[in-house]
Amino acid sequence: MSTTLQNDLFIKAALSQQVERPPVWMMRQAGRFMPEYWEIKNKYSFLEMCKTPEIAADVTMLPVDLLGIDAAILFSDILVTGEAMGGDLSFEQGVGPRFANPVRTWKDAENLSVDCLDKLQYVADAIRVIQQRLDGRIPLIGFAGAPFTILSYLVEGGSSRDFKLTKLMLNNEPELVHLILQKIADLTIAYLNMQIDAGVNAVQLFDSWANALSWNDYHTFSHKYNKYILANLKRTVPVISFAKGASVFAPVMAESNPDVISVDWNADLLNIKKSLPAGMAVQGNLDPFIMYADKPVIKAKIHELFERMRGENGFICNLGHGIMPDMPFDHVKYAVEVIREFRY
Ligand code: CP3
């Protein structure tokens with residue numbers, strides 16, 4: 001696949017091959033910090049945008065055309081798997097995601113469907129439209145939420161500050177949790193393989209809330225299922241594993257054998273990379289909040305990271321987490337320019 005790409009820096013870095021500069025993309029690169037996003041968002045709901053392939057493609061292309069990043073990421077959300085399984089999902093302005101029918105009992109868990117890939121067909125359709133639009137310019141990243149992170153939304157019924165109900169279930173009813181995690185994992189394997197068949201050039205597994213877990217619980221309730229997913233993916237494209245708290249869990253994540261581990265900004269990226277098996281790449285790890293700072297500071301922080309990583313193959317530049325809606329667009333654009341001008 002990479003041979004047909006005009007810009008394959010991202011794929012090369014993911015496979016730890018030599019590149020002239022680090023490739024860059026940013027989590028939530030298509031979103032509310034862009035005026036052009038609002039022009040579309042004002043006409044449709046977020047889920048309508050995700051479920052209409054032409055619109056999902058329009059939004060996916062915004063940062064490609066306006067920022068000049070080195071990889072596009074499918075416009076969708078990790079929670080669509082929870083919706084396909086039976087979750088009554090909505091996104092309300094200012095409230096965030098909500099499942100109106102949280103999964104809290106054995107009966108709720110038994111009602112979750114696994115055989116529901118047909119409900120996610122719109123994602124495969126969107127991937128095909130996006131690939132036509134990209135026309136080989138840069139690679140397209142597909143993604144899914146990791147089972148523990150999806151579980152937390154299903155159990156809490158939405159976002160949570162402390163994951164109180166999820167952790168209560170982990171502690172008091174681990175067998176119930178395992179039933180739900182297994183179902184999510186089985187759907188996620190089918191879902192990511194469907195995205196690979198539809199033509200994505202890489203996939204990322206988002207375990208955004210792994211940092212809520214203790215070391216032992218991470219092994220039991222997160223790593224076990226992520227490893228099972230990675231073992232059952234068609235490994236024809238690079239696989240990126242992301243966790244918030246990845247700096248703590250990186251050595252464990254490495255056991256599931258991703259091509260790339262995506263790290264948050266607490267870590268020294270070079271030290272993490274050196275602790276991983278040879279040939280495993282890293283992605284990260286700028287503090288997203290530098291995007292609020294003055295431009296010379298943005299430049300200095302990027303160069304600081306790049307100097308630290310100088311000489312390392314297998315480094316994809318990204319933020320430790322997503323772009324915030326109120327980050328100045330011209331600062332994000334400037335950051336991408338600084339990265340693109342850099343040469344090892
Ligand atoms: O990164 C991208 O540009 C690609 C698209 C993408 C979205 N969500 C679009 C989105 C991706 C990869 C995601 C992943 C996602 N969604 C994660 C994992 C990454 C992470 O941030 O840790 C999580 C935890 C979610 C769940 C989710 N979706 C939340 C918590 C929210 C609300 C966020 C907020 O700040 O209000 C969403 C909504 C969402 N997903 C938006 C976008 C562009 C905003 C929707 C809107 O326009 O109102």
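**Exercise 1.** In which sense do strand E4 and strand E5 pair, parallel or antiparallel, and over how many bridges?

*Solution.* Begin by locating the two strands in this predicted model: E4 covers residues 140–145, while E5 covers residues 202–207. The two strands pair in the parallel sense, and five bridges join them.

**Exercise 2.** Determine which residues of E4 are buried on each of its faces.

*Solution.* In a regular strand, side chains alternate between the two faces of the sheet, so every second residue is taken together. On one side this gives Leu140, Gly142 and Ala144, and on the other Ile141, Phe143 and Gly145. A residue is buried if 20 or more other C-beta atoms lie within 10 Å of its own, and six of the six residues of E4 are buried. Both faces of the strand are therefore covered.

**Exercise 3.** Describe the course of helix H4 and its surroundings.

*Solution.* Start with the span: H4 runs over residues 53–66, and its 14 residues reach 20 Å from first C-alpha to last, close to the 20 Å expected. Next, look for a bend, which is about 25° at Thr60, with Pro63 following within four residues. Then consider burial, where the buried residues include Ala56, Val59, Thr60 and Leu62. The buried residues of H4 pack against helices H2, H3 and H7 and against strand E1. Finally, just after H4, Gly68 takes a positive phi of about 75°.

Technical notes
Residues numbered from 1 in each chain as written. Predicted model: local features only at pLDDT ≥ 70, side-chain atom pairs only at ≥ 80, totals over all residues. Expected span 1.5 Å × (residues − 1). Bend = angle between axes of the 7 residues up to and from the residue. Buried ≥ 20, exposed ≤ 12 C-beta atoms within 10 Å, placed from the backbone. Contact = placed C-beta atoms within 7 Å. Pairing = 2+ DSSP bridges.
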